[in-house]
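Subject: Structure handover

Hello,

Here is the structure I promised you. Please open it alongside this note; my findings follow.

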Amino acid sequence: VRYGLIFERFLNPERVSMPDFDIDFCQEHRGRVIDYVTQKYGTQSVSQIITYGKLQARAALRDVGRVMGLAYQDVDAVAKLIPEKLGIQLSEAIDMEPRLRDLMEIDPKINTLLELARKIEGLVRHAGIHAAGVIIADGNIMDHAPLYRGVDGENVVQYDMKHAEKIGLIKFDFLGLKTLTHIQEAFRLIKLNRGKDLSVHNISLLDKGIYEIMSQGDTAGIFQFEGEGITDLIRKAKPTMFEDIVALNALYRPGPMDMIPDYLARKHGEKKVDFLFPQLEGILKETYGVIVYQEQVQLVAAKIANYTLGEADMLRRAMGKKIAAEMAKQKSRFLEGAKENQFDEAKAEQLFDLMAKFAEYGFNKSHAAAYCVIAAQTAWLKKYYTVEFYAALLSTEMSDTDKVVKYVKDAQSHSIEVVPPHINSSFFKFGAEGEKILFSLGAIKGVGEGAVEAIVAARESMPEKKFSTLEEFFENVDLRKVNRKTIEALIKAGAMDGFGYNRSELIEGFSKFVDRAEGTRAEREVGQTSLFDLADDKDKQVNRVQLDPHPQWSRALSLSYEKEVLGFYLTDHPLRGFENIGRLTQARSVSALQGLEKKTNVRVLGLVTSLREIITKKGTRMAFVKFEDMSGAIEVVVFPDVFAQFERVLRAESPLLLVANVEADDTGNVKLIAESCKEADSLFMQIKKLTLLIGQGETEKISLVKAWATGHPGAVPLSIKMDLPELKKSVELLVKDQVGVLANAESLDGLVRLGVQLDFQ
């Protein structure tokens with residue numbers, strides 16, 4: 001009522017077709033809703049909806065290959081040659097990829113494979129269940145449609161979604177919305193971390209903090225407002241109340257976007273807001289005279305031309321569909337109603353034409369408002385409970401590595417520490433402890449929920465709720481659930497650090513702990529007591545498992561394992577140290593590329609994190625590359641001539657110096673067009689002299705620098721430049737005891753960690 005939402009937009013006596021029932025529920029509890037309606041209306045009246053999976057190009061190839069008895073690797077090699085294009089057909093793939101044509105000519109079996117696959121392509125392969133659709137029938141569904149039994153015994157209507165609706169069955173979409181799960185998880189963490197029992201009822205849509213954080217463009221994780229385009233819009237619009245964000249949500253869509261400049265100019269007083277009739281002010285004031293919503297069309301028709309709200313909905317539909325005959329009929333009806341209310345006929349006609357123009361693009365306000373309630377709730381949580389907001393957000397996005405990377409970086413930019421995963425503190429989901437986020441054990445690749453539950457259960461059984469030794473861990477955890485692969489993943493992620501062994505020693509020797517624990521468990525199960533159990537504490541210390549010493553992994557190897565199991569670098573970054581050399585080449589950071597003019601030539605120091613190769617229409621190979629540094633990631637387009645020349649370097653998985661030109665797509669997102677690249681290690685060869693800058697009162701650093709120089713002998717001359725304010729000058733000292741030092745990413749990063757400023761020549 002407060003926001004002027006109209007029930008007749010949803011359902012009214014004039015409406016013939018049934019409305020769409022799209023209802024969002026917490027993702028984790030969607031199944032409970034289906035159980036509820038099944039119990040309420042009876043199993044005979046509730047059913048899910050069938051879907052038919054069709055054979056796509058690659059699936060057709062693999063199925064035919066299996067029937068033909070071809071080797072898996074041979075069929076796989078052919079399938080991988082099909083270009084990455086949504087909905088591509090085999091005929092199209094053969095035209096686009098010359099290597100497929102070559103294989104067909106060379107090998108008759110491959111030719112037969114592709115010809116047979118083309119014949120079955122597009123046929124129905126299997127039946128599935130619609131992800132959200134549920135039918136609730138008036139009586140027994142079997143009176144209307146045949147049923148199919150799902151894998152878990154559920155009722156499934158054998159007609160697909162469109163045909164089920166055609167025979168008169170009503171479809172309800174029970175959607176699992178992870179943002180609702182995110183919000184509930186945030187409240188759970190707030191209670192655990194801060195002892196406050198909150199819910200959505202504690203969030204007021206009048207809270208100014210919601211609109212402050214959104215106006216600043218701090219929108220990462222805020223529902224429906226975190227894309228670059230809408231974030232830019234919200235910065236320009238500077239919303240101050242709920243109605244503002246509802247309008248922005250409705251406007252930021254294809255079609256209504258055309259109205260954004262006019263809306264912003266009116267909002268900021270740069271353009272006068274006027275109304276054709278004073279009676280329209282109450283309806284259009286909140287959107288500064290711009291017709292943004294379908295409901296506004298209905299209200300205007302009711303106010304000016306005496307339409308019922310049901311009739312007004314029919315007018316809105318006619319305007320939206322631009323049915324000429326219906327429009328002429330409605331225009332006559334509108335002008336007649338306006339005349340009865342003594343409105344000027346010429347202005348009324350002008351108003352009708354204006355409504356027709358906007359109704360074509362107008363958005364359903366009820367939809368925008370409902371979603372903006374969720375947007376406001378996420379913004380409120382981010383503003384006032386930032387740690388819990390991010391921890392909950394990371395838990396809901398655990399399966400999407402790119403989003404985990406994005407939100408970890410965003411949390412860190414808010415001065416929140418993300419603590420690496422550990423068997424003594426982490427849970428399956430991300431946690432919050434004070435102002436820190438505890439990284440999830442479940443986000444480690446190869447560590448399942450059952451394994452984490454076993455670890456947490458064993459940890460909780462300890463006197464101090466944590467493992468004091470690795471023996472305690474291995475002897476108390478269920479090793480049937482926490483298997484050797486899981487343990488390897490935990491070690492690589494650093495989740496077993498801090499027990500006196502480095503990761504190299506743990507990987508090489510953890511099986512000793514496993515063998516001891518399994519032997520002890522076997523003895524207990526048969527009722528035997530081992531001599532080790534009878535020993536006193538002193539003897540147990542002597543008999544503890546001892547792992548053989550191994551050199552610690554190099555930083556690069558440790559990080560590569562970390563990325564293997566986490567999907568990204570959490571504790572450090574392979575580019576650390578390279579930022580020092582970036583100044584030699586005037587390299588820019590990825591985050592500094594936004595806003596640069598097109599065609600600007602730039603140098604960027606970073607890593608290729610993904611490379612997608614495609615075949616052009618001419619049959620040449622090019623690539624789309626995701627390139628990232630410590631500030632962010634950007635797409636790089638590598639055209640065929642550049643790809644042919646630099647493919648080896650791009651696939652090297654080592655830091656690169658990329659030379660490229662700035663480009664932007666239609667939405668203003670910046671990307672790069674590659675010109676050349678080279679491995680960043682080669683840049684260190686350009687250093688002719690390394691100078692360390694020591695400020696006033698930092699003389700204690702000289703001994704640290706000397707120890708560093710002794711440990712990194714090399715060929716680059718080293719000097720120390722000291723500030724002497726009392727003499728109003730700087731003094732440069734050459735280090736005579738040293739022939740030179742080693743200058744590479746790792747050694748220079750060691751200097752930076754000592755707090756020393758560097759200068760290169």
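Two strands count as paired if DSSP finds at least two bridges between them. By that rule, β2 and β3 pair in the antiparallel sense, over 8 bridges. One caution before the rest: this is a predicted model.

**The open sheet**

Start with the sheet that holds this pair. It is open and has 6 strands, in the order β1-β6-β3-β2-β5-β4. Its pairing is mixed. β1 (21-26) and β4 (147-149) stand at the edges. Each has a single partner strand, so one side of each is left without a neighbour in the sheet. Direction ignored, neighbouring strands are turned by 50 degrees against each other on average.

Helix α1 (residues 30-41) packs on this sheet. The helix touches β1, β2, β3 (124-136) and β6 (171-177). The direction of α1 makes about 150 degrees with that of β6.

Now the pairings one by one:

- Gly133 stands opposite Asp173 in β6.
- β2 (residues 46-54) with β5 (residues 155-157): 2 bridges join them, and the strands run parallel. Ile49 stands opposite Val157 in β5.

**The barrel**

There is also a closed barrel. Its 5 strands run β10-β11-β12-β14-β13, and the pairing is mixed. From one strand to the next, the twist averages 50 degrees. Within the barrel, look at β10 (residues 601-615) and β11 (residues 621-629). These strands pair in the antiparallel sense over 8 bridges. Arg612 has Phe624 in β11 as its bridge partner.

**Two helix pairs**

How do α9 and α18 lie to each other, roughly parallel or roughly perpendicular? Helix α9 (residues 208-215) packs against α18 at an angle of about 85 degrees, and their axes are 8 Å apart. Angles of 65 to 115 degrees count as roughly perpendicular. α9 and α18 are therefore roughly perpendicular to each other. On the α9 side, the contact is made by Gly209, Ile210, Glu212, Ile213 and Met214. On the α18 side, Ala376, Ala379, Trp380, Lys382, Lys383 and Tyr384 take part. By class, the contact of α9 with α18 has 7 nonpolar, 1 polar and 3 charged residues.

The other pair is α10 (residues 228-237) with α12 (residues 260-267). These helices pack at an angle of about 25 degrees, with their axes 10 Å apart. They are therefore roughly parallel to each other. Leu233, Lys236 and Ala237 of α10 meet Ile260, Leu264 and Lys267 of α12. That contact has 4 nonpolar and 2 charged residues, and no polar ones.

**The second largest pocket**

α18 turns up again here. The second largest pocket holds about 820 Å³ of space. It is lined by 27 residues, and the closest to its centre are Arg9, Phe10, Asp20, Asn364 and His367. β1, α15 (309-321) and α18 (365-384) each supply at least two residues of the lining. Which element gives the most to the lining? α18 does, with 5 residues. By class, the lining divides into 11 nonpolar, 7 polar and 9 charged residues.

**Where to look again**

Best wishes

Conventions: Residues are numbered from 1 along each chain as its sequence is written. This is a predicted model: local features need pLDDT of at least 70, side-chain atom pairs count only at pLDDT 80 or more; totals for chains, interfaces and linings use all residues. Side-chain values use heavy atoms; hydrogens and water are left out. Helices (H or I, at least four residues) and strands (E, at least two) are DSSP runs, numbered from the N terminus. Axes are lines fitted to C-alpha atoms, for helices over the stretch in contact, and angles run from 0 to 180 degrees between N-to-C directions. Contact means heavy atoms within 4.5 Å. On a 1 Å grid over the protein atoms alone, a cavity is a set of points where a 1.4 Å probe fits but cannot get out, and a pocket is an open set with protein on both sides within 12 Å along at least five of seven lines; lining residues have an atom within 4 Å of a point. Grid points are joined across faces, edges and corners, and a volume is the space filled by probe spheres set on the points. Ala, Val, Leu, Ile, Met, Phe, Trp, Tyr, Cys and Pro count as nonpolar, Asp, Glu, Lys and Arg as charged, and the others, Gly among them, as polar. Angles under 35 degrees count as roughly parallel, over 145 as roughly antiparallel, 65 to 115 as roughly perpendicular and the rest as oblique.
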